[in-house]
Amino acid sequence: MKETSDRDWNALFDQLPVDVIPSIDHHLDVRYRATEVFDDQSNSLQLTQTLKQIGQTLMKYKVPHGVAASLCIAFILWIGDSSGKPAVAIEALIEKFAEVKTLRYESTTKMEGGLVPGMVLKMKGFYSEPGLLRTENDRLVSIVDFVEGKSLSIDHQTKIAFRFSFSTDNLSQDIPGYEINENWIKSMQQFLKQAQDDKSAKVESLGLKQLDNRDVIGFRVGMEHRTATFWIDPKTQLPIRIEVTGIRPTRYEMVYTNFEFNVELDNSIFQLDIPDGYTASDASIDISLPTEKDLIRSLEMFAEKREGRFPLKFEQGYLQRSEGHFQLRVVEGANGDSNNDWLKSVLAYRRGFEFAFRLPDASEVHYAGANARLGERDRPIFWYKPIGSEAYRVIYADLSVRDTNEAPKIPDAIRVAN
Amino acid sequence: MNQRFTNEQIEPRDDLVKSARTDREAFGALFDYFYPLVFAYCVRRLVVRAVAEDVASEVFFKVAREIRNFRGQSIEEFRRWVFRISTNEINAHLRHSKSRRELLEAAVLMGRINAEIIAPITGNASMLDWSDLYGALEQLSVREQSIISLRFFGNLQHHQIATILNLKEGAIRVALCRSLDRLRQILKDRRDGLNENLYQ
C-alpha cells in the first residue's frame, strides 16, 4: 500500500465536525480572568519607582496608628500581673501615659502584601504634643500635624514633596478599631479604653527576661486582628521593645525599639516647609470614617476600570493589588488625571474597601459580585447588617441600596473576612 | 444566536510580546489573537467543548502567571510557548481515564467519517467513525499524539513543532511520518475488525 501523504491527513482532519470558534462571552470571560491573573502577578513586581514612592508615602499614615495602638496595648499589659489580670486601674494608667510629652523611637516594618510585597521599611520616629509626628529614613521623611490637619512627605531621591491637608471634622467612634485621631496620645487612650472593654483580648505573660542586658517583663496580647508582644522595663514601667503582627491592611510585622520618652526635641523637625529644590505636589485627603457611600464609590471605580466587572475576590491582598494596577494606570496618565487628582482617586478608591473591612464580624458581611456586571438590576453584590440593626443593607450591581429583612440567598456569595 | 469570536486579526507585531510582560493592554491584545487559535487546538483534540474551554482557559491563566518570565522576543516564539503549554495541558487532561472515556463518548456522537476522505488513508472506502480515529490516537505514545495534534489540530509546521518539543526538525518529520503510519495501521486494523464482525 502506498504511503499516505500529509495532504490526505489534512483532508481528513479538516473534516472534523467540531465547532472550533469560541463564543464571544467565553472569550471575554477568560480574557477578563486571565488579565486579573496577569495583574495579580505583575502589579507587586512591576510597580514603578514612582509607585514605590507613593506606597511608602501613603503607608506613613499607618505608622502613627500602629504605634499608638502598640503603646496602648503596652500599658494594658504593663498593668497586668503574671496571671494576666489587671492589677492597676486602667484609668490611672491612661493618666500616667498622658505624661508622655515627647517620644523618640525606631521601627522596622515588614509588609507581606500591599503595594510592594516583602518590603522592609526602617524608620526613626519622633512625637511631640499636641499631635506632631515625624518618621524618617535616609530617603523618606513624613511629618504629620494632626491638630492642623496637615502633612508633608518628602522623597529625597526623587526630590518630590507631597503636601496633604486633611479634615478630621467627621471623625466618628461608631466603628470599633478605627484608630485615626487628631491627637496621638488621645488615640492611645481611646484604644486603651476599647481594649479594656474587649473581653476577647487574650493576655499571656512571658515573665522576666534579659533583653540587651536589661531586665524586662514580657507580655503578649492577642486582639481581634493584631498580636503584640511587649518588653517593659520594670524600673521605668515603659516599653523598650514592642513587636506587633497583624493582618490589616496586609499581613505585617512591626518592631519598635530604642524608645526615649520625654526627650527634648527641636520643634523645627516638625516644620511643614518644602525644602528648596523640591517639586511640590499638593492634595487634600479625607481621613474621616469611610462610609457605605465610599464603598459604593470604590466598587464603581473598580468596575469602571474593569470593563464593568466587579472584583473577583473580596480580599485585602487582591484589592490592594488591583489598587496598584489602578494607580499604575493613573500615574501613566491613562485617564488624563493630574498628579493631585490621581492621589485623590487612589485614596477615594481605598476608603470604600476599608469601610467593608472595618465592619465587625457581627455585621455578617457578604460579597457576591464576582460574576456580576455594573448596572445589573436586582442583583445583590454586597450586604451587611449595620451595628444595632436587624435589617440588612444590600448593595446591588446597579449600585442602588435597599434595606431587607433577610440576607440575600446567592449561591456564590462569600463571607468577607475582616 | 450565540455570538462568536473569530480570529481574523492581522498577526501582532513582535514588539507586542515585550510589552505584554508589563502592560495589560498588550497582554490583552496577545490574548485576543491567540485565544481562538488555542481554543481551536484544544477543541479539535478534546472534542468536548466545555472541556476545551476549561483547558484553554487554564493555558492562558498559566501564560498570565508566567509571561513576566518568558524570554522570547517574537510572536513566533510566543506562539511556540503557548502551544507548548497547551500541549502539556491537553496531555495532562488526557492522563485521566475518565477524561479519555468522556472524549471517546463525545466522539461517538460525531458520527461516520466521510468514506471518500478516509479511503486514501485506509486503502478503501471503509466505514469508520470519528471515535475510531480518536480511539486510534489513544493507542499512540504521548509524544506521537503530541506531534500529530500539533500538526493537524494546531496547524503548525514541522519546524514549529520541533521547537515546541525540543527536537530537530528532521526528527519531527521522521517521527510524524512513523506516527501517521502507525495511526493508519491501527485504523486499518479497526476497519478490518469491523468488516470481520460484519460478515461473521
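In the predicted model, the elements of chain B follow the order α-α-α-α-α-α-α-α-α-α from the N terminus, which corresponds to 10 helices and 0 strands. The model has an ipTM of 0.89 and a pTM of 0.51. For chain B, the average pLDDT is 88, and 90% of the residues score at least 70.

Chain B comprises 200 residues, of which 38% are buried. Among the contacts in chain B with a separation of 6 or more, 62% are formed by residues 24 or more positions apart.

Helix H2 (residues 24-46) and helix H4 (residues 75-94) of chain B pack with their axes 11 Å apart, at an angle of about 35 degrees. The crossing of H2(B) past H4(B) is right-handed. H2(B) contributes Leu30(B), Phe34(B), Val38(B), Tyr41(B), Cys42(B), Arg45(B) and Leu46(B) to the contact, while H4(B) contributes Phe78(B), Val82(B), Phe83(B), Ser86(B), Ile90(B) and His93(B). By residue class, the contact of H2(B) with H4(B) consists of 10 nonpolar, 2 polar and 1 charged residues.

Ser57(B) belongs to helix H3 (residues 49-66) of chain B. Ser57(B) is classed as buried because 22 other C-beta atoms lie within 10 Å, the cut-off being 20 or more.

Technical notes
Residues are numbered from 1 along each chain as its sequence is written. Chains are lettered from A and ligands numbered from 1 in the order in which they are written. This is a predicted model: local features need pLDDT of at least 70, side-chain atom pairs count only at pLDDT 80 or more; totals for chains, interfaces and linings use all residues. pLDDT is the predictor's confidence in each residue, from 0 to 100. Helices (H or I, at least four residues) and strands (E, at least two) are DSSP runs, numbered from the N terminus. A residue is buried if 20 or more other C-beta atoms lie within 10 Å of its own, exposed if 12 or fewer, and partly exposed in between; C-beta atoms are placed from the backbone. Two residues are in contact if their C-beta atoms, placed from the backbone, lie within 7 Å. Axes are lines fitted to C-alpha atoms, for helices over the stretch in contact, and angles run from 0 to 180 degrees between N-to-C directions. A crossing is left-handed if the near helix is turned anticlockwise from the far one by less than a right angle, and right-handed if clockwise. Ala, Val, Leu, Ile, Met, Phe, Trp, Tyr, Cys and Pro count as nonpolar, Asp, Glu, Lys and Arg as charged, and the others, Gly among them, as polar.
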